[in-house]
Amino acid sequence: MSKDRENEQPARSRGVWEVLRVYPDFRRLYLARLISQFGDWFNLLAIFSLLGGRGGDVQMAMPLAFVLVLKIFPNFLLGPIAGVLADRLDRRTIQIVCNLLAAIVVLMFIPVGESGVVHWIYVLTLLQVSISAFYEPARQAILPNLVAKEDLLTANALYSVTWSAMFALGSMAGGLTLAFFGWEVAILVDAASYVAAALILMRIRFREKPFPHPREGKGGWKRLTGIEDMVEGLRYIRSEPPVFQVILAKFGWGSMGAITLFLTLFGQRDLYHIAGEG
C-alpha cells in the first residue's frame, strides 16, 4: 500500500481551453461573469458622465471620489454576512437573484439621472455594489464544486485575466457608447448584461445542499452576521506573516489604482509637474 502511494503522481492540471471544454457548468459560470463584468464598465462610465458635467475640476473630483468609496465599502461591511449566506443557501440561486436585482437597480439610474438629483445616484450605486457583495462570495464558493481540485488554479487564473481584458474592452466600448449614443444607452447595456448573466446561470445543473450549521453552542448574533468568522480570519492573518504581506500588497495596489484613475480623468485638462517637467 505504501509503495502504491509513493508511486502516485499528482493529477495534471488542465490548460485554460481544456478547463472550459471539460466543465460545462464552469463555462456557464465564467461566461455569466464575463458578460456582467463587461456591462459594469458601461455603468461606471455612465455614472462618471452624469457627475462629470456638474462643475469644475475640484467639484468633479469629490463626487467621483465618493462613488469609488461606495464601490468598495459595501464589500467590507457586508462581506461577513454574504459569506454566511453563501454557506447556508444555494449559491446558484444567490447569483441568479443578485443579477436580477442588480438589473432593476441599474435601470433606475435612467430616471434618476434625468432628474439631476445627485444624492440618488449615490444611493443607487450603494445598492448596486451591495448586491454585488452578496454575489461574489457565492460565485467564489461554488467554483470548487464545478471544477476538480487540480484545476482550481487554472480557473482562478482565467478569472484574473478576464478582469483585465474586460477592463480594457469594457472601458473602450463604454466610452464609444457614451460618445455616440449617450449615457442612457450605456445603462441599458449594463442592465441587459445582468439579465443575460442570470439566464446563463439558470442553465447550471449543479445544485448543492445547504451546509449544515449546528444550532447549539455560543455565538448568537456574531455567528449569524458572520462577525465571529471575520474575527477568526483576522486572527489567522495576524498569525501568518506571508498572508498578511499579500493582503497589505493588495491594499496598496488598489489604492494606487484609484489614484491612477483620477490622474487619467483629469490629465486632459491639467498639466502635472514632476521635477519641473510637465
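User: What's the packing angle of α5 and α9, and how far apart are their axes?
Analyst: About 165°, with the axes 8 Å apart. Axes here are lines fitted to C-alpha atoms over the stretch in contact, and angles run from 0 to 180 degrees between N-to-C directions. The model is predicted, so local features need pLDDT of at least 70 and side-chain atom pairs pLDDT 80 or more, while totals for chains, interfaces and linings use all residues. Residues are numbered from 1 along each chain as its sequence is written, and side-chain values use heavy atoms, without hydrogens or water.

User: Roughly parallel or antiparallel, then?
Analyst: Roughly antiparallel, a label for angles over 145 degrees.

User: Which residues meet there?
Analyst: From α5, R92, Q95, I96, N99, L100, A102, A103, V106 and L107; from α9, I187, L188, D190, A191, Y194, V195, A197, A198 and L201. Contact means heavy atoms within 4.5 Å.

User: Which residues of α9 are buried?
Analyst: W183, A186, I187, D190, A191, S193, Y194, A197, A198, I200 and L201. Buried is under 20% relative accessible area, with a 1.4 Å probe and protein chains only.

User: What covers them?
Analyst: The cover includes α3 (24–52), α5 (91–107), α6 (109–115), α7 (118–146) and α8 (152–180). Helices are DSSP runs (H or I, at least four residues), numbered from the N terminus.

User: Switching over, how do α7 and α8 pack?
Analyst: At an angle of about 145°, axes 10 Å apart. R139, L143 and P144 of α7 touch L152, A155, N156 and Y159 of α8.

Terms used: Buried < 20%, exposed > 50% of the residue type's maximum accessible area, 1.4 Å probe, protein only. Helix = DSSP H or I, 4+ residues; strand = E, 2+ residues; numbered from the N terminus. Parallel < 35°, antiparallel > 145°, perpendicular 65-115°, else oblique.
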